[in-house]
Amino acid sequence: MVALLAIGLSLLGLARLMQSDPKRRRVFRRARFEGERHGLAARILLFGPGAAFLGNGDWSGFTLWFGAMSCVGWACIATPPAFWTRCRALIFAHARPTAPGAGRGG
């Protein structure tokens, strides 16, 4: 369970780096990122769980984390930003509460 939490934290850091990386944005012809990059914080989120596993001597947790970050990280980076924009729109469209009576016929 700790490994899954660590993978989730690392994915948050990876998502932030993917969103704000100038080279990735240029390759996919996206507009320049205007917000704060927070590169150090994203890298701490990305690599911190692996360092914690190593520091505690939890080799099985480190192996799970490292394998997941290798596979999932590669898949995230190889996927065009338009895919992630559609995923985000689908997730947040279902998460928004609707007004009372909305969606009822008539």
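Let's start on the surface, where Leu 5, Leu 9, Leu 12 and Leu 45 form a nonpolar patch with about 350 Å² of accessible area together. Patches here consist of residues with over 30% relative accessible area and no salt bridge, with nonpolar side chains (Val, Leu, Ile, Met, Phe, Trp, Tyr) joined within 5 Å and like charges within 9 Å. A salt bridge, in turn, is a side-chain nitrogen of Lys or Arg within 4 Å of a carboxyl oxygen of Asp or Glu. The areas come from the Shrake-Rupley method with a 1.4 Å probe, and for residues only the protein chains shown count as cover.

Before going on, please keep in mind that this is a predicted model: local features need pLDDT of at least 70, side-chain atom pairs count only at pLDDT 80 or more, and totals for chains, interfaces and linings use all residues. Residues are numbered from 1 along each chain as its sequence is written, and side-chain values use heavy atoms, with hydrogens and water left out.

Now for the overall picture. The chain has five helices and zero strands, so its elements read α-α-α-α-α from the N terminus on, where helices (H or I, at least four residues) and strands (E, at least two) are DSSP runs numbered from the N terminus. Of its 106 residues, 24% count as buried; buried means under 20% relative accessible area, exposed over 50%, and partly exposed in between (1.4 Å probe, protein chains only). The chain exposes about 7900 Å², and carbon and sulfur atoms supply 67% of that area. Among contacts (heavy atoms within 4.5 Å) with a separation of 6 or more, 64% join residues 24 or more positions apart.

Back to the patch: helix 1, residues 2-20, gives the most to it, with three residues. Leu 5 sits in this helix and counts as exposed because its relative accessibility is 58%. Ser 10 also lies in helix 1, yet Ser 10 is buried, with a relative accessible area of 0%. What does Ser 10 touch, leaving aside residues up to four places away in sequence? Its neighbours are Leu 45, Leu 46, Pro 49, Trp 65 and Met 69. The Ser 10 side chain makes a polar contact with the side chain of Trp 65 at 2.7 Å, and reaches the backbone oxygen of Leu 45 at 3.5 Å. A polar contact is a pair of N or O atoms within 3.5 Å; within protein, one must be able to donate a hydrogen and the other to accept it, and residues adjacent in sequence count only if both atoms are side-chain atoms.

Trp 65 leads us on to the aromatic rings. Rings of Phe, Tyr and Trp (its six-membered ring) pair if their centres lie within 6.5 Å, and planes under 30 degrees apart count as stacked, over 60 as edge-to-face and the rest as tilted. By this rule there are two aromatic pairs. Phe 62 and Trp 65 make a tilted one, 5.8 Å centre to centre with 35° between the planes. The rings of Phe 62 and Phe 66 are stacked, because their planes meet at 20° with centres 5.8 Å apart. Phe 62 and Trp 65 both lie in helix 4 (residues 59-78), three residues apart, about one turn of the helix. Trp 65 counts as buried at 6% relative accessibility, whereas Phe 66 is partly exposed at 47%.
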